[in-house]
Amino acid sequence: MSGFRRVRWNTTAHGTAVKVDIPVNVTAEVQVPLAGGRMPEARGAGPDGASTPRFRGVRNGYAVYTVGSGHSTFTPAA
């Protein structure tokens, strides 16, 4: 992956919250830990309006998403 990207996360009482910023014309795989088997809420906003995270499945206790350019957030389900 080329260009600037940023990943931030913090752990709360409900699970891990993740925020990612992906450069234009790039896609990335994001893995978010499941909290008590609950799926995180995934949201995205990008320059093309098509950057909604796409759920790909569960792998080794993580929800796996493909995300496009822009800012995406993954919030633990309460």
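Modeller: Start with a charged pair. The side chains of Glu 41 and Arg 43 meet in a salt bridge, at 3.2 Å from N to O. The term salt bridge means a side-chain nitrogen of Lys or Arg within 4 Å of a carboxyl oxygen of Asp or Glu. In general, side chains of opposite charge can pair when their charged atoms come close. Glu 41 has a relative accessible area of 39%, so it counts as partly exposed. The scale is this: buried is under 20% relative accessible area, exposed is over 50%, and partly exposed is in between, with a 1.4 Å probe and protein chains only.

A word on the source. This is a predicted model, in which local features need pLDDT of at least 70 and side-chain atom pairs count only at pLDDT 80 or more, while totals for chains, interfaces and linings use all residues. Residues are numbered from 1 along each chain as its sequence is written, and side-chain values use heavy atoms, with hydrogens and water left out.

Strand S4 spans residues 41-45, and it is an edge strand. The sheet is open, has 4 strands, and runs in the order S1-S2-S7-S4 with antiparallel pairing. Strand S1 (6-12) is the other edge, and each edge strand pairs on one side only. From one strand to the next, the twist averages 10°. That angle is between axes, which are lines fitted to C-alpha atoms, for helices over the stretch in contact; angles run from 0 to 180 degrees between N-to-C directions. Two strands count as paired if DSSP finds at least two bridges between them. Strands of a sheet pair through backbone hydrogen bonds, either parallel or antiparallel.

How is the whole chain built? It has 0 helices and 7 strands. Along the sequence, the pattern reads β-β-β-β-β-β-β. Helices (H or I, at least four residues) and strands (E, at least two) are DSSP runs, numbered from the N terminus. Of the 78 residues in the chain, 37% are buried.

Look at strand S2 next. Of its 8 residues, 6 are buried, so S2 is mostly covered. S1 and S2 form a hairpin with 2 residues between them. Their antiparallel pairing runs over 7 bridges. Val 7 stands opposite Val 20 in S2. With strand S7 (residues 70-75), S2 (residues 15-22) pairs in the antiparallel sense over 5 bridges. There, the bridge partner of Val 20 is Ser 72. In a regular strand, side chains alternate between the two faces of the sheet.

Back to charge. How many salt bridges does the structure hold? There are 3. In another of them, Asp 21 joins Arg 8, and the closest N and O atoms are 3.2 Å apart. Asp 21 lies in S2 and Arg 8 in S1, so the pair ties together parts that are 13 residues apart in sequence. Arg 8 has 30% relative accessibility, so it counts as partly exposed.

Glu 29 and Arg 59 also meet in a salt bridge, 3.3 Å from N to O. Glu 29 lies in strand S3 (residues 28-33) and Arg 59 in strand S5 (residues 54-59), so this pair ties together parts that are 30 residues apart in sequence. Glu 29 is partly exposed, because its relative accessibility is 48%. Arg 59 is partly exposed too, at 38%.

Two loop residues deserve a look. Most residues other than glycine have a negative phi, and most peptide bonds are trans. Asn 25 has a positive phi of about 65°, although it is not a glycine. Asn 25 sits in the loop between S2 and S3. With a relative accessible area of 75%, Asn 25 is exposed. Asn 60 has a positive phi as well, near 55°. Its place is the loop between S5 and strand S6 (62-67). Asn 60 is exposed, at 71% relative accessible area.

Which residues line the largest cavity? They are Thr 16, Pro 33, Ala 35, Arg 38, Met 39, Pro 40, Thr 75, Pro 76 and Ala 77. A cavity here is a set of points on a 1 Å grid over the protein atoms alone, where a 1.4 Å probe fits but cannot get out; lining residues have an atom within 4 Å of a point. About 30 Å³ of space lies in the largest cavity. That volume is the space filled by probe spheres set on the points.

Terms used. On a 1 Å grid over the protein atoms alone, a cavity is a set of points where a 1.4 Å probe fits but cannot get out, and a pocket is an open set with protein on both sides within 12 Å along at least five of seven lines; lining residues have an atom within 4 Å of a point.
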